[in-house]
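Good morning, and thank you for joining this presentation. I would ask everyone to look at the sequence and the structure before we go through them together.

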Amino acid sequence: MSQLQARFFTDNKKYVIDDVPFSIPAVSEITDLSNVINKLLEGKNGDHKHVEFDFLVQGQFLRSSLATHLETENISTEEVVEIEYVEKYTAPQPEECIMHDDWISSVEADSEWILTGSYDKTARIWSLEGKAVATVAGHTDVVKGVAWVKRDGLSSLLLTASLDQTVLLWEWSSERNKLRARHCCRGHAGSVDTISVDPTRSKFCSGSWDKMLKIWSAVPTEEEEEEEEESNRPRKKQKTEQLGPTRTPLMTLSGHTEAVSSVLWMDTEELCSASWDHTIRLWDAETGSQKNMLTGSKVFNCISYSPLCHRLATGSTDRHVRLWDPRSKDGSLVLLSLTSHTGWVTAVRWSPSHEQQLISGSLDNLVKLWDTRSCKAPLYDLAAHEDKVLCADWTDCGLILSGGADNKLYTYRYSACLSDAGA
Amino acid sequence: CCGLLAALSLHITFSLSLSLSLSLSLSLSLSLSLSLAFCSQDIRNTVGNIPMEWYKDYPHIGYDLDGKKIFKPIRNKDELDEFLDKMENPDYWRTIHDKMTGTDVCLSDEQVDLVHRLQQGKFGDVNFNEYEPAIDFFSNEVMIHPVTNRPADKRSFIPSLIEKEKVGKLVHAIKMGWIKPRRPKETAPQYYDLWAKEDPNAILGRHKMHIPAPKMRLPGHEESYNPPPEYLLTDEERQVWEQQDPDERKLSFLPQKYLSLRAVPAFSRFIQERFERCLDLYLCPRQRKMRVNVNPEDLIPKLPRPRDLQPFPTLQSLVYHGHSSLIRSISISPSGQWLVSGSDDCTVRFWEVCTTRCLKTMEVGGPVKSVAWNPAPSISLVAVSYGENVILVNPGLGDRLICSATDQLISSYEEPEEVKDQQVQWAVPEGKAQEQGQRLILTHPKAVKQVSWHGRGDYLACVMPDDGSSLQVVIHQVSRRRTQNPFHRNKGAVQCVSFHPSRPYFLVATQRYVRVYNLIKQELTKKLMANCKWISSMAVHPGGDNVICGSYDCRLAWFDLDLSTKPYKVLRHHKKALRGVAYHKHYPLFASGSDDGTVIVCHGMVYNDLLQNPLIVPVKVLKGHIITHDLGVLDVAFHPTQPWVFSSGADGTVRLFT
């Protein structure tokens with residue numbers, strides 16, 4: 001088998017070639033095929049510039065020579081092989097390395113600011129260029145989770161969750177760079193490891209080591225009456241008053257038998273939580289009842305949901321990133337396992353704009369960029385961290401962030417997804 | 001007379017009984033019917049051949065021809081005369097008594113000769129030639145003139161009817177089986193194989209099992225009279241050969257080269273060689289070894305495959321770096337979120353399990369021997385032993401309410417009115433130590449090696465190993481700050497102690513035995529014999545009926561308390577001394593850490609059914625620790641909820657295997 005028949009096609013109108021089968025050598029690799037396409041395109045229009053392509057055979061990225069790929073995938077070489085080609089995703093470009101004082105436990109960024117939670121009991125706000133803007137200090141213990149609630153104009157609302165069993169709701173005005181703790185959310189009996197704000201930005205959910213999920217209101221209210229009694233309070237209470245009025249949960253969702261490691265809103269009415277008890281549970285946020293349960297075999301560390309492809313991605317304590325279909329009724333359908341990490345997967349995040357791409361961070365110091373069409377090997381390894389990766393985020397504007405135990409927050413610009421999505 | 005006798009002798013028949021009384025043991029009874037006339041007158045008795053006893057009582061002896069009585073001669077000889085006669089008369093031997101006449105007759109020489117000849121079976125007549133040449137009266141040749149001229153009988157040429165009838169009867173009898181035509185021959189062979197049916201397995205059967213004598217090695221090239229040059233020894237080799245002992249030599253001779261076979265001298269070592277060969281034959285073992293043909297795999301008990309017994313820890317996932325010296329003890333918080341480790345670098349560190357983050361470091365005044373997290377979920381206390389002190393630390397991790405409740409519990413203690421003199425000093429630390437979380441310091445008279453909490457969390461047992469001392473184990477009650485010495489006497493040096501998880505039992509492991517005491521009845525319930533030299537560690541199954549003991553002689557003994565006081569199973573998987581053993585709280589797992597740097601995880605399923613013995617399957621050898629100063633793993637502990645095992649080692653790390 002030295003030659004085989006292949007037909008190339010693409011969705012990108014820019015690079016369409018004639019729909020005729022070509023005879024190509026079986027040992028050809030991506031670069032060879034890419035050269036073939038480029039030659040054809042040059043023949044079509046003279047002012048074509050060289051473009052690197054990536055190739056998919058039956059929805060799987062070609063990573064080895066064509067012959068070996070067809071053999072491992074069990075595809076017949078007798079017939080004409082349909083090969084789809086897409087413009088090659090360029091590697092994420094490292095942009096900033098933001099130094100922290102301590103381990104970074106959590107990160108969330110929006111189009112303008114980066115919010116990180118750190119083990120030095122503070123959360124910090126950074127500009128996208130890596131400039132320290134503000135330090136959110138108020139917790140008495142390690143900050144484990146951060147989230148932006150709302151940014152309207154110059155004032156923003158943000159949340160920090162901590163090992164000291166509280167979640168603090170802060171108001172930050174970027175113009176004056178002034179921070180004010182609006183509410184202290186008490187109720188958890190364990191460290192609050194994860195928080196997630198609902199799509200309407202009026203509620204948020206927190207998951208804690210005490211096995212509970214609690215839903216809180218994220219709308220700050222002015223409560224003046226308590227401040228009058230400030231003088232006759234003990235010192236400890238005074239301190240809590242500085243952090244704003246105490247807020248109690250709207251609803252408590254109990255059902256997990258172990259610590260809740262990750263929580264997220266799938267839509268305004270549906271919550272999803274992953275736990276150390278090897279389950280993912282879907283909750284109805286209105287009634288607080290459990291709707292569905294997906295059972296795995298290992299502790300779940302993190303979870304992410306993509307509204308584009310309606311899939312859940314989880315990272316667990318066994319090196320694999322698993323993709324789940326939350327709508328499956330039998331409750332334990334793993335669609336795909338992405339295996340390349342050598343340590344626990346501590347962070348996964350779907351691409352906000354591309355339905356097939358996600359990033360995962362692991363204790364083996366690596367952040368990997370995956371395409372679900374290539375489950376054997378990731379698209380790119382982002383090997384910048386010198387210690388465990390603890391958190392990762394992917395913003396709408398194509399910025400990948402990852403923080404870890406080496407006190408560094410790395411940002412990457414990844415634009416390929418944009419061009420591909422636009423195509 | 002003589003002619004008569006001769007004629008008479010020819011006609012002697014059986015009817016003649018010659019009664020001769022011969023003196024020379026010739027006893028012949030000749031009864032002569034004829035009265036022998038030795039004298040001139042013929043006296044013939046006519047009585048015939050009758051027994052002469054009939055005339056015994058008569059004076060006569062018979063009748064003569066004229067019918068007159070023949071009178072018995074007068075006999076007056078008695079026995080004595082007879083004897084004298086026998087002695088003196090030279091003719092006595094030839095004198096015979098004639099019964100017919102009653103007279104004694106002396107035989108002449110001719111008569112004696114005749115008697116002799118008759119006795120020898122010869123003819124009486126001397127002149128009779130019994131071998132005279134025979135004269136044929138008839139010849140076998142058919143003459144012209146037959147002897148008889150009678151014609152041949154008809155029956156000589158007609159088949160005989162009588163014979164035919166006889167043959168017919170025989171044939172009929174044969175047909176009917178009345179007679180057998182031929183006697184069947186004896187079929188039994190005359191000779192047979194004595195050993196043909198012998199059982200080869202019988203005692204003597206082995207004699208038949210032929211073991212051929214070991215064969216002599218065939219001569220090779222070096223034995224040749226003209227060996228190839230490479231077989232000839234060089235001078236150096238020859239020197240070496242000569243310096244070697246005869247037993248060490250590879251060759252027992254020196255290969256030599258001769259021009260021709262004629263030049264080969266006589267073999268000087270012939271007799272010696274034959275003798276050695278005979279010795280070989282004589283001394284070679286001629287016994288057939290009966291090897292037991294057992295498939296080795298059949299001897300291995302059927303155990304389930306390890307991958308059917310999942311989950312169990314398989315991979316090293318996390319390493320907790322931070323300590324600078326060996327970590328003697330680790331303990332996990334009941335929630336599974338925190339880990340405490342005590343090291344020889346005089347620090348106690350508190351770690352976050354899932355991120356390996358060291359959240360707290362506490363310096364204490366000596367190398368930490370043992371740490372134990374209070375198992376009660378409502379109390380947040382860690383017991384740390386270093387030197388002679390045990391400190392109770394409130395780590396301040398986990399639920400704030402529980403932490404403050406614990407602080408309150410300890411500070412709410414009120415001094416009793418009458419202070420008893422205790423062997424252990426309870427003190428409340430001040431200043432920095434208090435800030436660090438230390439709540440109580442217990443100063444013991446001796447160095448404390450191990451601390452162990454009761455499941456409820458109020459009682460704390462401390463071990464101060466000291467052979468022969470009465471104060472080796474103390475039990476503290478934290479809420480009342482009271483110390484008890486449960487044993488007035490301890491047998492042997494106590495190694496470790498443990499509270500029973502459900503019953504009021506207290507397990508004390510000395511070097512060789514584990515004693516189970518009932519704390520309520522205050523008596524010894526059971527004494528487990530570990531069959532090992534020095535117990536190092538002990539763990540009680542959460543079900544309470546099983547105990548494992550690790551020992552410094554590489555063994556792990558599993559006791560079933562209901563079954564026996566001897567180990568139900570002894571595992572010898574480790575190459576070096578065991579330092580720590582642990583049971584998992586929920587999963588059927590137990591682990592052992594050893595100086596060889598490995599942690600071996602075993603599946604240990606305990607069934608509720610009392611009849612079913614525990615199933616013990618070693619499932620995984622976990623490696624990771626670097627052996628430092630000949631010490632590997634010093635302590636193992638399981639995560640309370642996940643199938644994860646922690647191990648602390650001499651390399652200053654704690655490792656988590658998942």
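Let me begin with B:W178, which sits in the loop between α4 (161-176) and α5 (235-243) of chain B. Helices here are DSSP runs of H or I with at least four residues, strands are runs of E with at least two, and both are numbered from the N terminus. B:W178 is exposed, at a relative accessible area of 59%. By convention, buried means under 20% relative accessible area, exposed means over 50%, and partly exposed lies in between, with a 1.4 Å probe and protein chains only.

A word on conventions. This is a predicted model, in which local features need pLDDT of at least 70 and side-chain atom pairs count only at pLDDT 80 or more, while totals for chains, interfaces and linings use all residues. Residues are numbered from 1 along each chain as its sequence is written, chains are lettered from A and ligands numbered from 1 in the order in which they are written, and side-chain values use heavy atoms, with hydrogens and water left out.

Accessible areas come from the Shrake-Rupley method with a 1.4 Å probe, and for residues only the protein chains shown count as cover. Patch members have over 30% relative accessible area and no salt bridge; like charges are joined within 9 Å, and nonpolar side chains (Val, Leu, Ile, Met, Phe, Trp, Tyr) within 5 Å. A salt bridge is a side-chain nitrogen of Lys or Arg within 4 Å of a carboxyl oxygen of Asp or Glu.

Chain B also carries a negative surface patch, formed by B:D78, B:E79, B:D81 and B:E82. Asp and Glu count as negative, Lys and Arg as positive, and His and the chain ends are not counted; the charge is placed at CG of Asp, CD of Glu, NZ of Lys or CZ of Arg. B:D81 belongs to helix α2 (residues 79-88) and is partly exposed, at 33% relative accessible area.

Which residues of helix α3 (residues 109-119) of chain B are buried? They are B:Q111, B:V112, B:L114, B:V115 and B:R117. In general, an α-helix has 3.6 residues a turn, so residues three or four places apart point the same way. After α3(B) comes B:G121, with a positive phi near 80 degrees.

Two further backbone features in chain B deserve mention. The peptide bond from B:Q310 to B:P311 is cis, with omega near 10 degrees, and B:P311 lies in the loop between α7 (296-299) and β7 (316-320). B:C554, although not a glycine, has a positive phi of about 65 degrees.

In chain A, A:H310 is likewise not a glycine and has a positive phi, of about 55 degrees. A:H310 is partly exposed, at 37% relative accessibility.

Is A:Y412 buried or exposed? A:Y412 is buried, with a relative accessible area of 4%, and lies in strand β34 (residues 408-413). A:E95 is 317 residues away from A:Y412 in sequence, yet their C-alpha atoms are 5.2 Å apart. Contacts of A:Y412, meaning heavy atoms within 4.5 Å, include A:P92, A:L382 and A:I400.

Chain A has four helices and 34 strands, and 57% of its 423 residues are buried. Chain B has nine helices and 35 strands, with 37% of its 658 residues buried.
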